[in-house]
Structure formats: structure tokens, C-alpha cells
Amino acid sequence: MTQSPRQHEITALLAEWREGNQSALDELYPLVYNELHRLARRYMSRERKGHTLQTTALINEAYVRLVDQKNVQWANRSHFFAISAQIMRRILIDHARRHAYAKRGGGAQQVSLEEVAIVATDQGRELIRLDEALKALGEMDPRRSQVVELRYFGGLNNEEIAGVLHISENTVTRDWNMARAWLYQQLTGSGAN
Amino acid sequence: MTPERWQQISRIFKSAISLDSEARAAYLKAQCSDDDSLRAQVEELLASHQRAGDEDFIGGLAAEAAAPLLIDDDAAGPTRPTLTKGQQFGSYVVLDSLGAGGMGEVYLARDTRLDRTVALKVLSSDISQDKRRMQRFRQEAKVASSLNQPNILTIFEFGEVDRLTFIATEFIDGETLRHHLHGKRLKLPEVLDISIQVLAALDAAHDARIVHRDIKPENVMIRRRDHVVKVLDFGLAKLTEKKVSQDEEESEAATEFKTAPGFIMGTLNYMSPEQAQAHAVDVRTDIWSTGVMIYEMVTGVIPFSGATTSHTIVQILEKDPVPLTKVVQAPAELERVVAKAMAKNPDERYQTAKDMLIDLRSLKKRLDIDAEIHRTSSPDTPAHEVDTDPGRRIVLLLALIAMAVVTASIFAFSVWRSRRSSPSSSVTTPVAPPVERTLTYWITVQKFKDGQKYQAPFTLAGEINFESSYHIRVHIRSPEQGYLYIFNEGPPTAAATTEYVVVFPSTTANNNSSLISAGQEVQIPEKSWLEFDQQQGVEKLWLVFSKDTVAELESARQAASPQTKNLIADAGQNKVVGDFLAKNSIAKPEWEKGPSLTTIKSPGNLLVYAIKLEHH
């Protein structure tokens, strides 16, 4: 594989970010966002014809395309996955919001074809509510919120999450159980809070 | 919740989760000692953990769940072929865009060959690419259209221009039933009128072995000029379904709606149990959906509607909706028809649209005759119209009764036919409705946080113990016309006389008129939200609903004005209101809290009821 200037740049930015340079993340974000968004759209149109969308496969593909494979390090990879999970969350929520708040009303007289938009809106709302609850969780307990983000939005398995967060797999499982129970409570309105 | 509290809960939760129920109880007792609220919080979380596991909550991946959003968005993206006004498209000229959805776009267009206006649906390329399915869809849609049934939308042409697949159909100048309903209820004759036409369309289609699969208010159009109903998109639902495997393509077997764990394609609320479970469907799925739609038209409430898609599915599979007559005043016969259409087991439903159609037609006929008898024998008839020849009048009445008997026996026959399995039922004979007043109410809650709206508003059937940060709106409706007065009474104070605020009517509510029409929805407040003040306790919202105007309340409310923030600024008048409420609220009205609204009934011509709003 030939190394593009972009790969070089992204690999360097990842390394900088890993060493604590926050502005590297700001530069990294739009680059990864664009790539993931482009890939997601392509994957979705493929999905139409009977494939399911594999987030991990998608992020992996982005990783291979964006990051210089000669200088590959586990730390780079896990950081890339962490940021990708965050970005996937953002992409999906952006879409969900657009669907939940735009598109309604106006001129839709003869349009029963709009059914799909209506369904999407329902799913979109659920996703937005989950995102909001996850934000609230992040304020109380950033790590547990990150476990959910990596797993649900990033598609990482427990082993990968353990690697990204430097915790044991058992802790990942426990964090997940607690976070999921709390999110469930928030979304279904059960419980006193 | 403070971070410390959260840490405390999570520590106990973490250990408790691995214990069996007995050990868990002992552990919780030891850990929480006398802190009951801590224990309750942990227990709730443990219960949520259990349910989240059972329901596979967020068990899939967000991207899978959101896949339809991205697809749809993709279709709406720059790659999408968009027709513009005035553009020539084959033999059509685009006049206007009517809207868009995931399956394509809809335009108003002129067919230049035949010089007629059509609706042009351009299908998105993803959909039209699946040739086999397109073929099937064309076939079904064409057959349905060729039935020439007046309630089925006519399709003029399927075609392709510049590799875009389009369908040209007759253009209906009107609105969808969804728009028409707009969250309100319809009157009984209109409900019957619409349902009968929908069923006539289904009857014809079912005879041709075509199942619609997606009957819902969005797919029913009402033509503006003559209120003729048209059912749209026969066969189209098939296009959005996913086959479990290609082999089953021809066998009409299980169709797969699931696009991802926990998410299902299609509008859920009208889906039959077999559809929701992705089982094989037949004509009886349309019967179910029609039943749901009638229920919604009559009550204004969708019978199966949960907070999330999975909640909705559970309701469809398990919940028995509140019977129609418990929600609104409706004939028992209609309740029976709707309940039968919505039987969970397809074998217990109407087996054909025709049977259901027959029942609704006889109900309509009976109601028409009732109305006729009521009209001709009504004492309100002005004197000069009264038939003074007693002989003739008796003949007329006899003729009407004879008609009623004939109809009743047809009706009895169809009831007998469709109800052989439950012999205990009796045919209801038309009786005058008892004199009573009925009101329904429900409450919308908007949470606020730091002065900002927080989370989406939700509705409640009735009162709960409100948080002070909750802002609320109360909605009230009656199937009858009448005079409505609403007073707010704050928590008890030391003051000698209770003071009342006139909440309804006011200069901003109902134009300062207390008269409301049947089915009119009153929303309090109309635009803003009701906030609780700092003073804790129970607020009362007094509802007075009377057949006739109430003189003392009319004069008392004159003592309130926008200047006094609608507070009755006169001790004497406050006492009048207080006395009136005390005197008339002795007879406790019946009330019933349904899943989405509370219904109150009171015999006689006057209903007085206090909604108690407790907050802390």
C-alpha cells in the first residue's frame, strides 16, 4: 500500500493526541468525520441490498485507509477507535436530529410515500433520547458513559474496550451492566429519578 | 444525584448483581441499613438491569438502529434526482413538488398526451433497482387499480424516463386521513362513512387476492369536493418488506421487517400482531389495521402506542385496549365490531372485509333510522312544522318502526352470523342515551431545567405527584356540547375565604365564551405552560361542565380580568363560587383512568369535578 500524505498526517496527529496534545484532536476530528461519513453512506447503500451495517468493519476500513500501516501501534489503533466511536455517535445523532425536527409538515398531501420518513423519525427520537441520557451519565460517570459509547456507537467488543480504557474486561462488563440499567431507567421513565 | 451518591449506588449494585435473590436481599439490607431511599434506588436499578437484559436494550449497535436514517438521508442527498417545476419528464410536465419520503418523491404533473393532472411518484433508485420485487409490485398495484373500485386510487402508468422509475396515478385534491384527524376525534357518522369506504376498497382487493399490508391514516385520502375516500398504495408495502430468504419469494411466507435488532420497518402502530412478529400475513392483517384506525377516529387516541418501538410491539401483542365505550360515548355495537377486528388471534377476527363491512353498514342504517325517528318525534320541532293530522303521523311512525324492525332483523342476523361463538351476547335495541355529562382530560408535562425545556414533553392520563420543575398543560374534551367553567384553587391558606382564578373561559381562552362544542379540545393554558408556585401542596383545578349556562358562575367570572390576572377580585363573588362548588360536588362523579386519558361521568345535566395537582 502506498502511503498518502493524508495517512501520514493522520498518523502523526494520532500520536500527538496520544501524547496529550488536545489541538491534535481538533484537527483529527473533521478528517475522520468525513471519511467515516463517506464510508457509512456507502455501507448503507450496500445495506439496502441485504447486507447489514458492521460498524467495526466500517471503522476498520477507515482506519486502514487513514492511518499509516507501517507505523502501526496498538495505542494508535485504540485511540483511533475511541475517537471513531465518538464520531459515529455524532454522525448518527446528527442524522437523527435532522429527521426528528425537519421534514415534517408542509405540502405533504398526496404523500403516503412519506411513511419511511415517519419511521425514521421514531427511531431518530429514540436515538436522540439515548444520546441525551448518555450525556447526563457522562457528567456523573465519564468512564461508564465511554464504555457505552465504544460498544454501542463504536461497535467495539469488551476486549477492545478494555484496551482503549486501560481497564480489565471484567470491569468493562460491570460498567456496561450498570450503565445500561441506568439508561434503561431514564428512557423508560421507570425509577424515581 | 450527587456523584457521591452515584458511586455509593454503583458499588452496591456491582456486588448485588452477582447474588441470588435471597443473598441479594440480605446484602442490600446490610449495606443500606436504614437508608430506605438508597435501597429503593439500588432495587430499581437492579430491576431495570433485569428488564434491559430481557428486552435486549441497546443490545445491537447504534449504526444498525440508525441505518434507515442514513439511507433516507442518503436518498435526500445531492445524488438524488430531483425534478424541478416546469421540467419536461417524458410526456409529463412537472407542476409542483408535493413532498418526499424514503421511497421517492411525489410531484403534481400534467400529462400532455391526455391533458390531465396526475400525481407522479418517482421511486428512489435503490428501490427500483430490485427488479423482481418491482415486477411483483407493479403486478399487484396494477391488479388493484384495474378493479375500478371507486375507493382504490387509480394508477395510470408505470414507466421509466432517464432510468428513473415512476408511477403516475390520479391526483386527489384533498387530504390524508392523518391530516384530517390532526389529533382530534371524528363524529360517528363520519367515522362510519370513512370506514365503510375503506372496507369496500379492501373487500374488492381481497377478492382479487391482494393484501394491502399497510392500512393507516397516511394511506387513506379524503377528496375535498365530495369526501370520497381513496385507499392508496396497494402493493407498495411489499416493497419495503424484506424477505427472510429468496426461496420464500413465491411462497408468500414470513416477511422480515427487522432491519436491525430492536427496530422494525413500517409504521408500527397499525401493525397486526402477526406482522409485528414477522409472521405470515393474509387479508386479516388489513382487518386488524382497519380496526385500529376506526378506534383512533372514534377516540382520537391510537390504541397501541408506547414510548419506544419495543414498548409498542409489546402492547400490540399483549395489551387489550380500553373498550371504546369507556373512552367516549359510542354505540355498543361499534365497540363490538372494533374489538372483533382487533382480536389478537386472526382466527377470532372478521375473516373477510365483507363481513365487517356488512356489520358497519347495518349499524349505519340503524343510526340513520334512529336519527330519523328522533327528528320526527322530537318535541323541539317548531309548531308550524308539526304534522297536525294525527292519523298521518301515526302512519309515518309505523312506517319508520317497520323499517327499523327490518333493519334490526338484518342487523340481528349479521350479529348472529359473526358471533356464533359467544351466544351470551344480546342485540342492543336503540334506546335514548341517559342524561349525563362526560368529560375526558389528560395532562402534558414538560420538564424544565435551569429555565430551559428539558427532554421531550410527555402525556399523562391523570394526576401524579408533580415535581416543581414540571410545567404542565391540561387538555379537556367532551363528546357533548355544553358550558365549561374552570377555576383554580391554590393550596389552603389562612385567609377567610378561598380565592379562585378563572382559568376558563378568558379573553385568551375560547374568546371569553364558556360554550364549547362537542369534541372541541380545550387546552389550558393555550400557548404557555402552567407552572407550580413555590408554595407546596395541592392545587385544585375545578371543572364545571353544564348543559345550560350557569348564571352565578357567569356573573362571578365578571369579577376577574386580565388586570387581576384572572383572579376573582371580590370576596362576595369568591364565596358564590365556593358555595356553588361545595353544593354541587357532593355527588361524586364516576371517573375512570385509562392508559392515556381520564374520563369523568356524572348523571344529570351538571358535572363538577376537581383535578388535584399535587406538587413538591
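Which residues does B:Val544 touch, not counting residues up to four places away in sequence? They are B:Tyr485, B:Val550, B:Leu553 and B:Val608, where two residues are in contact if their C-beta atoms, placed from the backbone, lie within 7 Å. The model is a predicted one, in which local features need pLDDT of at least 70 and side-chain atom pairs count only at pLDDT 80 or more, while totals for chains, interfaces and linings use all residues. Residues are numbered from 1 along each chain as its sequence is written, and chains are lettered from A and ligands numbered from 1 in the order in which they are written.

B:Val544 belongs to strand E22 (residues 537-546) of chain B. Helices (H or I, at least four residues) and strands (E, at least two) are DSSP runs, numbered from the N terminus. With 25 other C-beta atoms within 10 Å, B:Val544 is buried; a residue is buried if 20 or more other C-beta atoms lie within 10 Å of its own, exposed if 12 or fewer, and partly exposed in between. From B:Val544 to B:Leu581 the C-alpha to C-alpha distance is 8.3 Å, with 37 residues separating the two in sequence.

Elsewhere in chain B, strands E5 (residues 155-161) and E6 (residues 164-170) run antiparallel and are joined by six bridges; strands pair if DSSP finds at least two bridges between them. B:Gly159 has B:Phe166 in E6(B) as its bridge partner. Two residues lie between the strands of this hairpin, where B:Asp162 takes a positive phi near 50°.

Chain A has eight helices and zero strands, so its elements, read from the N terminus on, follow the order α-α-α-α-α-α-α-α. Of its 193 residues, 47% count as buried. Among contacts in chain A with a separation of 6 or more, 67% come from residues 24 or more positions apart.

Within chain A, helices H6 (residues 142-153) and H7 (residues 158-165) pack with their axes 10 Å apart and at an angle of about 135°. Axes are lines fitted to C-alpha atoms, for helices over the stretch in contact, and angles run from 0 to 180 degrees between N-to-C directions. H6(A) and H7(A) are therefore oblique to each other, since angles under 35 degrees count as roughly parallel, over 145 as roughly antiparallel, 65 to 115 as roughly perpendicular and the rest as oblique. On the H6(A) side, A:Arg143, A:Gln146, A:Val147, A:Leu150 and A:Arg151 meet A:Ile161, A:Val164 and A:Leu165 of H7(A).
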